[in-house]
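Please take the sequence and the structure together, and follow the paragraphs below from one place in the chain to the next. Each paragraph takes up one topic.

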Amino acid sequence: MSEQKIAFYKGPAGGWGALRSVTQALLRQDIAVKGARTLLSANQPDGFDCPGCAWPDRNHQSTFEFCENGAKAVAAEATARRAGPEFFARHTVAELAQQSDFWLEDQGRLTHPMAYDAASDRYLPIDWDEAFARIARHLNALPDPDQAIFYTSGRASNEAAFLYQLFVREYGTNNFPDCSNMCHEPSGAAMKPQIGVGKGTVTLDDFTQADAIFIFGQNPGTNHPRMLGELRAAHKRGARIVSFNPLRERGLERFADPQDKREMATLGATPISTHYFQLRAGGDLAAAKGMMKHLLEVEAARGGVLDHGFIAEHTTGFEALAADLRAEDWAVLEEESGLMQAQLRSAGDVYLGARSAIVCWGMGITQHPHSVATIQMLTNLLLLRGNIGRPGAGACPVRGHSNVQGDRTMGIWEKPPAALLDRLEQVFGFAPPRRPGVDTVEAIRLMLEGRGRVFFALGGNFAAATPDTFATWRALRQCDLTVHVATKLNRSHVVHGREALILPCLGRTEIDLQAAGPQGVTVEDSMSMVHLSAGINPPASAELLSEPAIVARLAAATLGARSRTPWLWLVEDYARIRELIARVFDDFHDFNARVAVPGGFRLRNTASERVWATPGGKAAFVPHAVPRDTPVHRARRRAGGAQTVFHLMTTRSHDQYNTTIYGMDDRYRGVYGQRRVVFIHPEDIRALGLVDGDRVDMTTVWDDGEARRADDFRLVAYDIPRGHLAAYYPETNPLVPLSATALVAGTPTSKAVPVVLTPHGNTRNAGATATVTQPPPANALA
């Protein structure tokens with residue numbers, strides 16, 4: 001582990017720093033040779049899809065279609081380390097709970113199914129058949145199927161997700177909380193009624209033709225590093241790249257492509273953003289509205305700005321939007337965006353000068369109370385100039401985990417459309433439940449109320465990823481049974497129900513051998529491309545099962561003779577599963593043949609064809625007021641100047657992916673050997689009477705009487721707007737109230753948490769009357 005220090009990073013994103021980091025990751029996992037060989041098969045026609053992010057691959061023939069953080073994900077999965085029965089025999093669960101999240105996952109690959117034994121407080125080996133029988137007994141003993149909760153990670157393949165949703169609906173519930181509920185749920189909730197699809201409308205080819213690319217609330221250098229290659233190429237050919245982000249992020253400033261020999265040899269780099277606007281967190285709606293107001297004013301002055309033909313033929317609601325924009329006060333737009341009118345007009349002028357434009361966004365948009373409204377305003381911006389459904393233009397929500405979009409396509413959704421349920425009934429001959437299930441936040445509430453008694457997770461790290469950490473932990477501990485399908489140990493395995501099981505599965509990089517021979521699975525990336533993924537490494541243990549096999553065997557054990565689905569026969573050859581997928585989803589016709597083509601195929605996207613699958617048959621302009629009554633606004637009004645209420649954004653470090661922490665450094669932000677840091681403007685530090693490097697505690701300002709604190713964070717002076725803070729999750733997830741969710745979408749608003757700071761050790765807690773009811777184990781979130 002590196003020395004704890006704060007040191008400004010002078011280099012670009014990528015470059016030699018990325019290569020050194022990849023080398024260190026391979027060495028740390030004791031797989032220098034194996035790891036390098038494995039990376040050469042990442043994103044290849046006869047190899048595996050990167051288990052990291054969902055950014056698409058341009059060239060499946062290239063031997064270098066991976067990035068630094070993708071390489072860390074591969075190294076973590078291909079590690080030589082093992083956490084088998086001998087490991088669990090050495091540690092009680094109480095002892096494991098004292099360890100950090102980094103330490104838990106760093107122990108290596110799980111090798112055997114394990115069951116919690118309360119008498120010894122240890123996980124003990126269990127036979128697979130007995131594990132499935134135990135789960136089936138719990139599920140079949142429930143008086144109501146809705147007392148079971150089935151979580152899904154975005155890592156699950158299309159085949160696993162399809163079988164999973166089929167099994168759970170045959171069992172009798174739509175309780176499908178998933179990682180979409182915590183990230184891009186607002187994208188679908190906003191775009192589906194507006195343009196008829198809940199996915200992005202662009203392809204990688206559009207990035208080669210766009211005159212301008214606008215990036216809102218996204219840090220591709222850490223979260224989607226391969227995107228930097230597209231942005232670099234766009235910049236080099238003269239495209240304008242406009243970034244809106246509260247923090248200065250190195251990946252949005254400059255990038256050195258490790259594949260460019262000249263750039264590497266000369267220590268050079270390519271600029272990324274031509275314009276960089278450091279707006280207030282959550283100010284994106286006001287910024288988009290300011291750009292559109294500028295468009296209308298220029299249109300009124302000289303004309304030729306809006307695409308009137310497109311608006312007339314393809315849209316509704318323009319006049320209502322125009323009236324709302326004309327009536328908007330520039331002073332409000334400046335105050336709420338944090339940008340000057342001249343800056344908003346400058347961004348608008350870039351958009352005016354672009355024949356084709358793409359708008360991208362990430363979780364910096366989706367995890368706000370008004371996220372759905374913001375995305376609809378960004379879509380309004382595109383529609384004003386006809387920038388959907390033509391080359392070089394469109395909407396680009398950049399998804400996180402590698403198959404989070406595919407899981408939703410396969411039916412992992414707590415609110416399934418009637419058409420899907422009708423088709424399942426037609427193809428499989430059972431009546432699927434029609435009542436909506438619970439999303440992630442609702443699932444936590446269900447468990448807290450004692451009405452969620454069995455929790456099954458197909459991947460993920462629910463205990464660490466979710467908001468209101470200690471409430472979530474109480475919820476999980478109230479369950480009769482918790483089950484986690486996983487490749488490595490994580491926090492969720494030590495925050496368990498009265499009974500608990502850990503089911504180890506194959507990773508994306510490993511050979512999946514079934515009765516018909518080696519199998520490949522399919523995934524869908526952020527741009528609706530579906531392609532095969534086949535591992536090349538021997539399994540970490542002979543005891544591992546694939547995710548499709550785990551789901552099929554569980555379904556067979558639970559449903560028995562009452563199901564007509566041939567579960568075990570299906571997993572003998574995954575082509576059989578894909579044939580069923582094709583029968584349920586029309587867009588997957590000839591699935592096996594089309595996915596056999598290198599690079600796979602793209603699912604139909606009606607909006608990119610200017611076919612609007614909306615109630616009105618057209619794309620809809622949707623006006624929204626600038627939000628001025630968010631939880632941060634209300635907390636500041638209540639404080640009345642008596643104390644400073646900050647706007648906290650939770651964020652990732654460069655050494656993590658979602659809740660998986662690969663190391664303790666955040667190279668681009670200059671943080672080394674530590675994670676309990678909080679980024680803050682230097683003037684805010686001085687105003688608090690503190691100095692850079694002081695330790696502070698953070699307390700949420702909320703109105704439910706619960707005290708939510710996260711203690712002992714180091715202040716780091718940073719280029720961030722006044723009144724704002726940024727700190728890493730999952731360390732700061734305890735500060736996010738369960739009731740802090742996005743309107744319409746229900747996503748936790750982890751980028752909009754009102755907090756106060758006190759010197760570490762000070763017991764003041766912002767007036768909260770309750771106490772922390774369940775303190776964390778020592779170092780549990782370190």
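L554 is buried, because its relative accessible area is 1%, and in this predicted model it is found in helix 26, which covers residues 547-559. Which residues is L554 in contact with, once its neighbours within four places in sequence are left aside? They are F132, I135, F167 and F456. With one of these, F132, the separation along the chain is 422 residues, while the C-alpha atoms of L554 and F132 are separated by 5.4 Å.

The largest nonpolar core has 61 residues, and within it F150, F162, F167 and L503 are the ones that touch the most other members. Helix 8, residues 158-171, supplies the largest share of this core, namely 8 residues.

From the cores we turn to pairs of charged side chains. Side chains of opposite charge can pair when their charged atoms come close. How many salt bridges does a search of the whole structure find? The search finds 47, and a few of them are described here. E130 forms a salt bridge with R137, and the closest N and O atoms of this pair are 2.9 Å apart. E130 counts as partly exposed because its relative accessibility is 30%, and R137, at 47% relative accessibility, likewise counts as partly exposed. In another salt bridge the side chains of E253 and R250 meet, with 2.9 Å from N to O; R250 has a relative accessibility of 8%, so R250 counts as buried.

A further salt bridge brings together the side chains of D586 and R423, at 3.1 Å from N to O. This pair links distant parts of the chain, 163 residues apart, since D586 is in the loop between helix 28 (574-584) and helix 29 (591-595), whereas R423 is in helix 22, residues 418-428. Is D586 buried or exposed? With a relative accessible area of 51%, D586 is exposed, while R423, at 22% relative accessibility, counts as partly exposed. Salt bridges can also share partners, and in this way E68, K72, D655 and R667 are joined into one network.

The packing of helices is the next topic. Two packed helices are described by the angle between their axes and the distance between the axes. For helix 17 (residues 330-337) and helix 18 (residues 341-352), the angle is about 90 degrees and the axes are 9 Å apart, and the two helices are therefore roughly perpendicular to each other. On the side of helix 17 the contact is made by W330, L333, E334 and S337, and on the side of helix 18 by Q341, L344 and R345. Sorted by kind, the residues of this contact are 3 nonpolar, 2 polar and 2 charged.

In helix 12, which spans residues 227-236, the buried residues are M227, L228, E230, L231, R232 and A234. After helix 12 comes G238, and the phi of G238 is positive, near 105 degrees.

That angle leads to some details of the backbone. Most residues other than glycine have a negative phi, and most peptide bonds are trans. D121 is not a glycine, yet its phi is positive, at about 55 degrees, and D121 lies in the loop between strand 5 (114-117) and strand 6 (122-125). R610, also not a glycine, has a positive phi of about 60 degrees. The place of R610 is in the loop between strand 23 (601-602) and strand 24 (619-620), and R610 is partly exposed, because its relative accessible area is 23%. What is the peptide bond from Y729 to P730, cis or trans? The bond is cis, with omega near 10 degrees, and P730 has its place in the loop between strand 32 (724-728) and strand 33 (753-759).

How values were computed. Residues numbered from 1 in each chain as written. Predicted model: local features only at pLDDT ≥ 70, side-chain atom pairs only at ≥ 80, totals over all residues. Heavy atoms only, no water. Axes fitted to C-alpha atoms, helices over the stretch in contact; angles between N-to-C directions. Helix = DSSP H or I, 4+ residues; strand = E, 2+ residues; numbered from the N terminus. Parallel < 35°, antiparallel > 145°, perpendicular 65-115°, else oblique. Contact = heavy atoms within 4.5 Å. Nonpolar A, V, L, I, M, F, W, Y, C, P; charged D, E, K, R; others polar. Salt bridge = Lys/Arg side-chain N within 4 Å of Asp/Glu carboxyl O. Buried < 20%, exposed > 50% of the residue type's maximum accessible area, 1.4 Å probe, protein only. Core = buried A, V, L, I, M, F, W, Y, C linked by side-chain atoms within 4.5 Å.
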